[in-house]
Amino acid sequence: MTDRSAERRVETTLTRVGRCSEEQYGFINAPIYRGSTTLYRTFDDAMNARAPFMYGTHGNPTVAHLQSAWTALTGGAGTVILSSGMAAVSFVLLAVAKSGDNVLVMDTAYMPTRRFCDEFLRDMGITTTYYDPLITAEELRSLLTKMPKTTALIMESPGSQTFEVQDVPTLTTVAREFGVTSVLDNTWATPLFFDAHGKGCDISVEAGTKYLGGHSDLLLGMVSANAAWYPKIKHTLSLWQCTPGNEDCFLALRGLRTLYIRLKEAEKRALDLAQFLQNREEVLRVLHPAFPECPGHEIWKRDFTGSSGLFSIILRPQYTLKDVERMLDGLQLFGMGFSWGGFESLIMYYDCTANRTATTFAPGGLLIRIQVGLENLEDLKRDLVDGFKRLRGEHQH
Ligand SMILES: *Cc1c(COP(=O)(O)O)cnc(C)c1O
């Protein structure tokens, strides 16, 4: 039989990977395997570690199914899974850097990533140098020449609040020239909209908490790696033995089946809502990679195959934090929350002018981030229109 899997489109792949009905009495989905210890058949097997699974912390079929599905989706050599997105980020940082090393981190880093570098890595004797996410090849070359102790280039594209799109293929090429490991936080695009390994990343991290889970009911961190790095991160995990929850892996496999249609729908809705917001007089500009005024838009057009449901808007300068408070407090459908990728719409104010050290962010107004859920779009717009009335100080009675 010829293997035609390479010809399959991604939505077909999503229905096939990470399951084996023949091994599950014909049932489509595998059950959740729970367990601490596994039994060896013979003394000889135990002495020679001959078993499909060695021990609970080394994995079980539930975890293995999700690993194989994610590997198929990312095109990496293998996957390890941690208990949250941030656990995955910190795990990778500690796998790619040791005492005395320097890591390059984009100035738009996810805030907990930045805190981990500034506090934990610093105390481990690992320095962090922040760089402009829009850095050019020449600038990166000169930075790496000046900092020979650099072992890793950390990227996040686009930034999850201000949405600068990074030139990942160029940056990974330069990193390789210097023997520097390239790591991407690919949470926004997911492997469906950005091919991290195909664009040169050694390691790609994704908060499975977001779109993979898709229902705001789990925490998970996915780490895929190329052939050079997979054995190393697999070994690192076997030392840490910090396994993900079995129930969470099961839910992630379930989320995986609908990932394509949910993302396509999120894309369509976010574009519609972003356009609606761009036309509002209260809005100065929209920060969405698919919009021309977003920094790195041309790179997004070149490298990505879609856009997801998270973007930001900048309000006109006359609006104050007090106005934003009135707007957000009265919303009926948009919830205020940090995470995203679920079925519910979310809205959040962020002060992105603070916490930067390599660049400045002065967008000319306050920033509000929006995640589009699955509610009716007209209902969502009405909620925002009412919110804008409160923003402008027109009180309803
Ligand atoms: C949410 C998020 C994480 C962390 O995921 P958790 O599972 O919440 O720890 C990491 N990176 C980005 C870009 C995220 O949005």
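1. Basis. The model is predicted, with local features requiring pLDDT of at least 70 and side-chain atom pairs counted only at pLDDT 80 or more, while totals for chains, interfaces and linings use all residues. Residues are numbered from 1 along each chain as its sequence is written, and side-chain values use heavy atoms, with hydrogens and water left out.

2. Domains. The chain divides into domain 1 (8-255) and domain 2 (260-392), the bounds coming from an automatic or database domain assignment. Their C-alpha centres are 27 Å apart. To the contact (heavy atoms within 4.5 Å), domain 1 contributes 40 residues and domain 2 contributes 41 residues.

3. Interface. Between them, the two domains bury about 3400 Å², of which 62% is on carbon and sulfur atoms; buried area is the accessible area (1.4 Å probe) that two parts lose on being put together, summed over both. On the domain 1 side, Trp188, Phe193 and Tyr211 lose the most area to domain 2, together 25% of what that side buries.

4. Salt bridges. Two salt bridges are found across the interface of domain 1 and domain 2, the rule being a side-chain nitrogen of Lys or Arg within 4 Å of a carboxyl oxygen of Asp or Glu. Arg302 forms a salt bridge with Asp167, with 2.6 Å between the closest N and O atoms.

5. Largest pocket. A pocket is an open set of points on a 1 Å grid over the protein atoms alone, where a 1.4 Å probe fits, with protein on both sides within 12 Å along at least five of seven lines; lining residues have an atom within 4 Å of a point. The largest pocket holds about 700 Å³, a volume being the space filled by probe spheres set on the points. Because domain 1 and domain 2 both give residues to its lining, this pocket lies between them. Of its 37 lining residues, Tyr110, Met111, Pro112, Ser160 and Gln161 lie nearest the centre. H5 supplies the largest share of this lining, four residues. By class, the lining comprises 16 nonpolar, eleven polar and ten charged residues.

6. Second largest pocket. This pocket contains about 380 Å³ of space. Its lining has 21 residues, with His58, Gly59, Gln67, Lys234 and Leu237 nearest its centre. Helix H3 (61-74), strand S1 (78-82) and helix H9 (230-240) each give two or more residues to that lining, and H9 gives the most, five. The lining has ten nonpolar, ten polar and one charged residues.

Definitions and conventions:
Ala, Val, Leu, Ile, Met, Phe, Trp, Tyr, Cys and Pro count as nonpolar, Asp, Glu, Lys and Arg as charged, and the others, Gly among them, as polar.
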